[in-house]
Amino acid sequence: MTGRRYLTRTAAPRRPGRGRRPVHRRRRRQGLDAVGLLVAAALTSALLPQARQWLERHGASIAAIAAAALAARVLLPLLVKAVRRGVCAWAARRRRPGGWDIRLLDGLHHTEFEVAVRDLMRRDGAHDAVRVGGAGDNGADVKGTDPAGRRWVIQCKHRRDGVAGAAVGTPDLHVLNGTGRPVHGGDVVVLVTNGRFTAPARQFARSQRLHLVDRVLLGAWASGSTPLWELLPHLPAPRRRHPASRRARQPQPNEF
């Protein structure tokens, strides 16, 4: 047949790896999968009773261990803090024959030092003394009212090295002077340290009617029984009479 051309399509070459697996390989893979399932079922049926017995025997112990681990993770930090606070409180309240030794105050943490100053104020009769030190304290660590009705505002500066540590300077007094009376309403504004003060700090305190308690005065206050308001000079006038003096001035029954 002339005049016609017949086009023949050639099959595209098959890409390597794209063909189907031989039948014998698929059957071998299926047989291996079936054997694996049978082995897994046999092992499970053989080990399941033993696992159940082991869990029944040790389940309570495992649960107790898990509960103990969870409790330790949650409660252990709280327990450590509570023990530390208890030990610190015991150390701060520890007495020696003559009172509180200044070396005991040197070994305290700065927060424990504030607690010790609060306890000294309570010992002397300021039963409402509280520790307010911390973030946002506005320069006051301890506040309380003495028996004469005067409001005390105290800032504490602890030095671990005592008198050998850095001296307290005027910047700390500037903060205390700016908040002691206007913010906290203090009648007596005091800065207490187990160290020392610089000469400019003492001069500034005198000019602003601030009271300083250095290491020597703190040792006398802590180791004795004399209240701080009897150790500091030039205090403001009492707001009210001391109860003891009021009772002493009351007329006796035989008086007119």
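A nonpolar core is a set of buried Ala, Val, Leu, Ile, Met, Phe, Trp, Tyr and Cys residues joined through side-chain atoms within 4.5 Å. Buried means under 20% relative accessible area, with exposed over 50% and partly exposed in between (1.4 Å probe, protein chains only).

The model is predicted: local features need pLDDT of at least 70, side-chain atom pairs count only at pLDDT 80 or more, and totals for chains, interfaces and linings use all residues. Residues are numbered from 1 along each chain as its sequence is written, and side-chain values use heavy atoms, leaving out hydrogens and water.

**Exercise 1.** Describe the largest nonpolar core and state which elements supply it.

Solution. Step 1: the core has 27 residues, and Leu 105 and Trp 152 have the most contacts inside it. Step 2: at least two residues each come from helix 2 (102–106), helix 3 (110–124), strand 3, strand 4 (188–193), helix 6 (215–223) and helix 7. Helices (H or I, at least four residues) and strands (E, at least two) are DSSP runs, numbered from the N terminus. Step 3: helix 3 gives the largest share, 5 residues. Step 4: another core, of 11 residues, lies apart from it and includes Leu 176, Leu 191, Phe 204 and Leu 210.

**Exercise 2.** Find the aromatic pair and classify its geometry.

Solution. Step 1: rings of Phe, Tyr and Trp (its six-membered ring) pair if their centres lie within 6.5 Å; planes under 30 degrees apart are stacked, over 60 edge-to-face and the rest tilted. Step 2: the structure holds 1 aromatic pair. Trp 152 and Trp 229 form this pair, at 5.6 Å centre to centre with 65 degrees between the planes, and it is edge-to-face. Step 3: Trp 152 belongs to strand 3 (residues 151–157) and Trp 229 to helix 7 (residues 228–231), 77 residues apart. Step 4: Trp 152 has 0% relative accessibility and therefore counts as buried; Trp 229, at 12%, is buried too.

**Exercise 3.** Determine how helix 3 and helix 6 pack.

Solution. Step 1: axes are lines fitted to C-alpha atoms, for helices over the stretch in contact, and angles run from 0 to 180 degrees between N-to-C directions. Step 2: the angle is about 55 degrees and the axes are 10 Å apart. Step 3: helix 3 is therefore oblique to helix 6, given that angles under 35 degrees are roughly parallel, over 145 roughly antiparallel, 65 to 115 roughly perpendicular and the rest oblique. Step 4: the contact (heavy atoms within 4.5 Å) involves residues including Phe 113 and Met 121 of helix 3 and Leu 218 and Trp 221 of helix 6.
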